[in-house]
Amino acid sequence: MDSWRNTCIFPGMMNRRTVLGAAAGISAIPLTATAAQAASSRVYSAQQFGVEPDAARDQSTALQDAIDKAAKNGGYLILPPGTYVARNLKISTPFCLQGMPGLTRLIFLGNGQLLQAGAAKDITLSGIVFDGAKQAISGDTNALVTLDGISNLTIEQCDFRGSSANALALRGCA
C-alpha cells in the first residue's frame, strides 16, 4: 500500500503551478511505449488523449480512452482545471485520478452513472468535483459514483453535488 501511495506525485497536496508544470512536461513527451516507460513518474494529462477542458460536448469516449491508457501504463491521470461532460466512465487498477480541488469538474450527462469501479485495488480520486447536474441516474446502486470491492481506496479533496439520487455508493471498500 505505501509503495503505491509513494508513486503519486501529489500525495495530499497539490497546487496550480505543480499541475501545470507536470502537464507541460508531460505534453512534451511523445506517447510511445518507449517514451511512456522512460517517464519515471508515469503521469499523464488527459489532454494528451484528446480530452479538452471546458468543451461543452460529451467527452466520455476520450476520457475513457485516457483512463484506460493511463491505467495500462502506470495509472496516474491528471484532469487539468476545467469542466468535463461525461457518463459511464469505468476505472481499473491501480489508478489515480487527480484534479485541481474546486476547479476540475466532471459533469454527468445522464443515462447511467458518472463513474464506477469494481473489484479493484489501489484507487485514488483526488481534487475532483463530481456534479450530477440533477440528471436521472440508472443502475443497481442508483448512485452518481459507485465503487464496489476496492481495496486501498482513497478519496480526498473531492466534492459531490447535484446528484438526483445517491452521490456516492461504497460497497466492500477499504
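I took a contact to mean heavy atoms within 4.5 Å. I then looked up contacts in the chain between residues at least 6 apart in sequence, and 65% of them join residues at least 24 apart.

I noted that this is a predicted model, where local features need pLDDT of at least 70, side-chain atom pairs count only at pLDDT 80 or more, and totals for chains, interfaces and linings use all residues. Residues are numbered from 1 along each chain as its sequence is written, and side-chain values use heavy atoms, with hydrogens and water left out.

I looked up the elements (DSSP runs numbered from the N terminus: helices are H or I with at least four residues, strands are E with at least two). The chain has four helices and 11 strands.

I checked burial next (buried is under 20% relative accessible area, exposed over 50%, partly exposed in between, with a 1.4 Å probe and protein chains only). Of the 174 residues in the chain, 47% are buried.

I searched for aromatic pairs (ring centres of Phe, Tyr or Trp, the last by its six-membered ring, within 6.5 Å; planes under 30 degrees apart are stacked, over 60 edge-to-face, the rest tilted). I found two. Y44 and F49 make a tilted pair, 6.1 Å centre to centre with 50° between the planes. I found both Y44 and F49 buried.

F130 and F160 make a stacked pair, 5.0 Å centre to centre with 15° between the planes. F130 is in strand β8 (residues 129-131) and F160 in strand β10 (residues 159-161), so this pair ties together parts 30 residues apart in sequence. F160 is partly exposed, because its relative accessible area is 24%.
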